[in-house]
Amino acid sequence: MATRNPSPSPTSLSTPLLSDSIAPVRAANGHANHAASHHDDEAAAASVSDGGDPFAFLSEDRPPRGRGASPADPFRNGTPAWGGGLYGWLRTLLCAPVAVVRLALFGLAIAVGYAATWVALRGWAETAGRPREGGGPMPAWRRRLMWVTRISARCILFSFGYHWIRRKGRPAPRELAPIVVSNHISYIEPIFFFYELFPTIVSSESHDALPFVGTIIRAMQVIYVDRFSPASRKAAVNEIKLMCFQRKAACNSFPRVLLFPEGTTTNGRFLISFQHGAFIPGYPVQPVVVRYPHVHFDQSWGNISLGKLMFKMFTQFHNFMEVEYLPVVYPPEIKQQNALHFAENTSYAMARALNVLPTSYSYGDSMIMARVVEAGKENPSNYMVEMAWLKDIYGVSTAEAMELLEHFLAMNPDSDGRVKAQDFWAHFGLDCSPLCKKIFLYFDFDNKESITFRQFLIGCSHLRKQPLFQSACETAFEKCRDPETADISRAQLADVLRLSMLLPSDDGMLKLFKTFDVDDDDKISKDDFLTCLARFPFMIALFAAPINGEVYIEIV
């Protein structure tokens, strides 16, 4: 039965409700509430001002208060080991012969499904093998032929140990809810929904090139999205995709449109921030929640390789899966609030059904973790920053966070993901002078003499948002540039640093100069200078003396 706008609805994306008995807070550190208490803000400000705030000339706005490490990790798989104790190894040995049979069934199902899909697409797709994105729906006889592939998909689920799947509720009629959204835990959900609904999906362009799988998803008249498209083409690509999305959602001849608004897989114990693509068109949405009840084997595709996850599925007696179709959620009546509040209402309904905590983590956090794992660092979850919250408060993009992450990883973080002041400044060619210590203290909210990536990113984002930051950067360049060349040379940069009692070595001076010389032409132009300070806004404190027209004298 469809219901309109579940009540009570959450008041904002940063503070969704879970149930009538749970307070409206997020799981990760309570970051949802941006307005901290007055007393805590004063304490946070005092930690910097006691030693002299190096950024006092920018604004009277206080530095961000300290925030502890988040206990939530929505991407961690609970059973990442191969065996999982004595029981796990005994089960693996007993199921080894069965796993061989399951693997054979898996291969046969893939082959049959591929063959049926190839026939269904032949003569209908473009030369490149893709269905025409602007064309009409798949003809009826081709859709009937795709039932062979759908049954093959059910056989694939059977081979993975999903002998029966518990369902609760029913799919709403397509004319009532043309869009279906689901939480995303494993690669199993797309296979299940392919069998159950045969929907149109939104998929990464990279999936089109996958052997066998690429051909099958083309038959679903997929809406392709390139997450890594250049910024110059991003707006145009998104607009084209949105138009195609609205056409397919509005036309009843097309199948339902299925999206996973989290944008990546989680461990199912939390909901991460929803992307708004499913909610912008303004059509009613039916949420679906998927659960994988387990005791010994966590089926989530978190920090575990695909090969290991498939092996463990093949060597289980049975894998449990539950699918619940929730009541339809309708868009708010006020169109200006559609995407944001529509996503909130849907997230709220799914969180209540799953009895899980919504968080401000997003797909960007999974990218950060993947890069940290690639860099060989320990405890990658310590690097997560809650990108949805940062984007909401400071407007930080994932690309900007990833750029700063590269520099942070080069600062030699320890096993807990923390960087000491000496390593921090060595990355830029500077020593821990009294001024540098004060700047570092601005990031070191909890006075641990080391900072996390989260603190580094929040501090940089906060400084960029200061009302006088941009004008201070331009003033600093005008005070430091050569009047004749309108650039800053290495010698001029060294003179400026001396005003602030910074005396780096020759190698350190060269390293700092290269940091500012963005285009590597052996001079610092205005564009170089502003680009560097936008990337590392804390460095504006190095130019406080020329900005104020004073000589910096440090009293110890």
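In this predicted model, pLDDT stays under 50 over residues 551–556, a stretch with ten contacts beyond four places in sequence. The protein averages a pLDDT of 80, and 77% of the residues score at least 70. Residues 1–50 also have a pLDDT below 50, and this stretch has 102 contacts in the model beyond near neighbours in sequence. Where pLDDT is low, the predicted coordinates should not be read in detail.

**Confidence by element**
- Helix α1 (residues 38–49) has the lowest confidence in the protein, with a mean of 40.
- Confidence is highest in strand β8 (residues 322–325), at 97.

**Overall make-up**
- The protein has 19 helices and eleven strands.
- Of its 556 residues, 52% count as buried.
- Among contacts between residues at least 6 apart in sequence, 74% join residues at least 24 apart.

**Glu 262**
- Glu 262 sits in the loop between β5 (257–259) and β6 (270–271).
- Glu 262 counts as buried because its relative accessibility is 1%, and the cut-off for buried is under 20%.
- A polar atom of the Glu 262 side chain lies 3.1 Å from the backbone nitrogen of His 184.
- The Glu 262 side chain also reaches the backbone nitrogen of Ile 272, at 3.1 Å.
- Beyond four places in sequence, the contacts of Glu 262 include Asn 183, Phe 270, Leu 271, Ser 273 and Tyr 363.

- The structure holds 16 salt bridges.
- One of them joins Glu 324 and Arg 291, with the closest N and O atoms 2.6 Å apart.
- Glu 324 belongs to strand β8 and Arg 291 to strand β7 (residues 285–291), so this pair ties together parts that are 33 residues apart in sequence.
- Glu 324 is buried, at a relative accessible area of 12%, whereas Arg 291 is partly exposed, at 22%.
- Glu 406 and Arg 371 meet through their side chains in a salt bridge, at 2.6 Å from N to O.
- This pair links distant parts of the chain, 35 residues apart: Glu 406 is in helix α11 (residues 398–409) and Arg 371 in helix α9 (residues 363–374).
- Glu 406 is partly exposed, with 34% relative accessibility, and Arg 371 is partly exposed, with a relative accessible area of 22%.

- Asp 495 forms a salt bridge with Arg 498, and the closest N and O atoms are 2.5 Å apart.
- Asp 495 and Arg 498 are three residues apart in helix α16 (residues 490–499), so about one helical turn separates them.
- Asp 495 is partly exposed, with a relative accessible area of 44%, and Arg 498 is partly exposed, with 47%.

**Nonpolar surface patch**
- Leu 86, Leu 90 and Leu 93 form a nonpolar patch on the surface, and together they have about 350 Å² of accessible area.
- Leu 90 is located in helix α2 (residues 85–121).
- Leu 90 counts as partly exposed, at 46% relative accessibility.

Methods
Residues are numbered from 1 along each chain as its sequence is written. Side-chain values use heavy atoms; hydrogens and water are left out. Patches are made of residues with over 30% relative accessible area and no salt bridge: like charges are joined within 9 Å, nonpolar side chains (Val, Leu, Ile, Met, Phe, Trp, Tyr) within 5 Å. Accessible areas come from the Shrake-Rupley method with a 1.4 Å probe; for residues, only the protein chains shown count as cover. A salt bridge is a side-chain nitrogen of Lys or Arg within 4 Å of a carboxyl oxygen of Asp or Glu. Helices (H or I, at least four residues) and strands (E, at least two) are DSSP runs, numbered from the N terminus. Buried means under 20% relative accessible area, exposed over 50%, partly exposed in between (1.4 Å probe, protein chains only). pLDDT is the predictor's confidence in each residue, from 0 to 100. Contact means heavy atoms within 4.5 Å. A polar contact is a pair of N or O atoms within 3.5 Å; within protein, one must be able to donate a hydrogen and the other to accept it, and residues adjacent in sequence count only if both atoms are side-chain atoms.
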